Amino acid sequence: MTDFLTPEKRSALMSRVRGKNTKPEMIVRRALHAMGVRYRLHAKELPGKPDIVMRPRRAAIFVHGCFWHSHPGCRRCRIPSSNSEFWAAKLERNRNRDLEALAKLEHDGWRVLVMWECEIKPGERLDDALTQFLSIRKQPPS
Ligand SMILES: [Zn+2]
């Protein structure tokens, strides 16, 4: 099997995926904002540094890049065929760190939502997922 991206494309993809204000995260933030939900970003003091934190609701959202966080069954998280052992080990460490952070947060009474970048699209499904997670009652249609 050959690598599915050139090195240049891969590093462009990774820097984009790794960046803090990535597009999927912006989509989620915009949706929350439209619901009037207040949030903070990248809470460094919390396990795993959740991307979006709603402290009064004790709720945290991770917006995970499929590659870096090994989205199960997702084609974006295929391990590169060059240097595959390195990548497998690195991604395994990431995964363990994610699971550990999740366990710590839930142990401390946080509700945690993990969202995958490939699944985040603006629209009703996203809004429904967020309102459900935050137990917000939907505005009745006027
Ligand atoms: Zn994915």
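This is a predicted model: local features need pLDDT of at least 70, side-chain atom pairs count only at pLDDT 80 or more; totals for chains, interfaces and linings use all residues.
Visitor: Which residue follows H4, and is its phi positive or negative?

Guide: It's Ser-135, with a positive phi near 50 degrees. Most residues other than glycine have a negative phi. Helix and strand names here are DSSP runs (helices are H or I with at least four residues, strands are E with at least two), numbered from the N terminus. Residues are numbered from 1 along each chain as its sequence is written, and side-chain values use heavy atoms, with hydrogens and water left out.

Visitor: Which other residues have a positive phi without being glycine?

Guide: Lys-49 is one, with phi near 45 degrees, and Arg-58 is another, at about 50 degrees. Lys-49 belongs to the loop between E1 and E2, whereas Arg-58 sits in the loop between E2 and E3. Both get the label partly exposed: Lys-49 because its relative accessibility is 49%, Arg-58 because its relative accessible area is 37%. In that scheme, buried means under 20% relative accessible area, exposed means over 50%, and partly exposed is in between (1.4 Å probe, protein chains only). A glycine does this too: just after H3, Gly-109 has a positive phi of about 90 degrees.

Visitor: How many helices and strands does the chain have, and what pattern do they follow?

Guide: There are four helices and four strands. Going along the sequence, you read α-α-β-β-β-α-β-α. Of the chain's 142 residues, 38% count as buried.

Visitor: How do I read the sides of a helix? Which residues of H4 are buried?

Guide: The general idea first: an α-helix has 3.6 residues a turn, so residues three or four places apart point the same way. In H4 the buried ones are Leu-126, Leu-130, Thr-131, Phe-133 and Leu-134. They lie on the same side of H4, because they cover an arc of only 160 degrees around the axis (taken from the directions from the helix axis to the C-beta atoms). Glu-124, Arg-125 and Gln-132 are exposed on the other side of H4. As for what covers the buried residues of H4, that includes H2, E2, E3 and E4.

Visitor: Which residues have the most contacts inside the largest nonpolar core?

Guide: A nonpolar core is a set of buried Ala, Val, Leu, Ile, Met, Phe, Trp, Tyr and Cys residues joined through side-chain atoms within 4.5 Å. The largest one has 17 residues, and those with the most contacts inside it are Val-28, Leu-32, Met-54, Ile-61, Met-115 and Leu-130. Helices H2 (23-34) and H4 (124-134) each give it two or more residues, as do strands E2 (52-54), E3 (59-64) and E4 (111-116). Another core, of eight residues, lies apart from it, with Leu-46, Val-53, Ala-60 and Trp-110 among them.

Visitor: What does Leu-130 contact?

Guide: Contact means heavy atoms within 4.5 Å. Skipping neighbours within four places in sequence, Leu-130 contacts Val-28, Ala-31, Leu-32, Met-35, Ile-61, Leu-113 and Met-115.

Visitor: Where does Phe-62 lie, and is it buried or exposed?

Guide: Phe-62 is in strand E3 and counts as buried, with a relative accessible area of 5%. With residues up to four places away left out, Phe-62 touches a list that includes Asp-51, Leu-105 and Val-114. Its C-alpha is 8.3 Å from that of Trp-116, 54 residues away along the chain.

Visitor: How do I read a metal site? Which residues coordinate the zinc ion?

Guide: Look for donors: N, O and S atoms within 2.8 Å of the metal (3.2 Å for Na, K and Ca); water is not among the atoms, so sites may look incomplete. Here the zinc ion is coordinated by Cys-66 (SG), His-71 (ND1), Cys-74 (SG) and Cys-118 (SG), at 2.0 to 2.4 Å. Along the chain the donors follow the spacing C-x4-H-x2-C-x43-C. Two of these residues are buried: Cys-66, at 0% relative accessibility, and His-71, with a relative accessible area of 7%.

Visitor: Why is the arrangement around the zinc ion called tetrahedral?

Guide: Because the four donor atoms subtend angles of 101 to 114 degrees, and four donors count as tetrahedral if all angles lie between 85 and 135 degrees. The ideal angle for four tetrahedral donors is 109.5 degrees.

Conventions: Four donors count as tetrahedral if all angles lie between 85 and 135 degrees; four count as square planar and six as octahedral if opposite donors are over 155 degrees apart and all others between 65 and 115; anything else is irregular.
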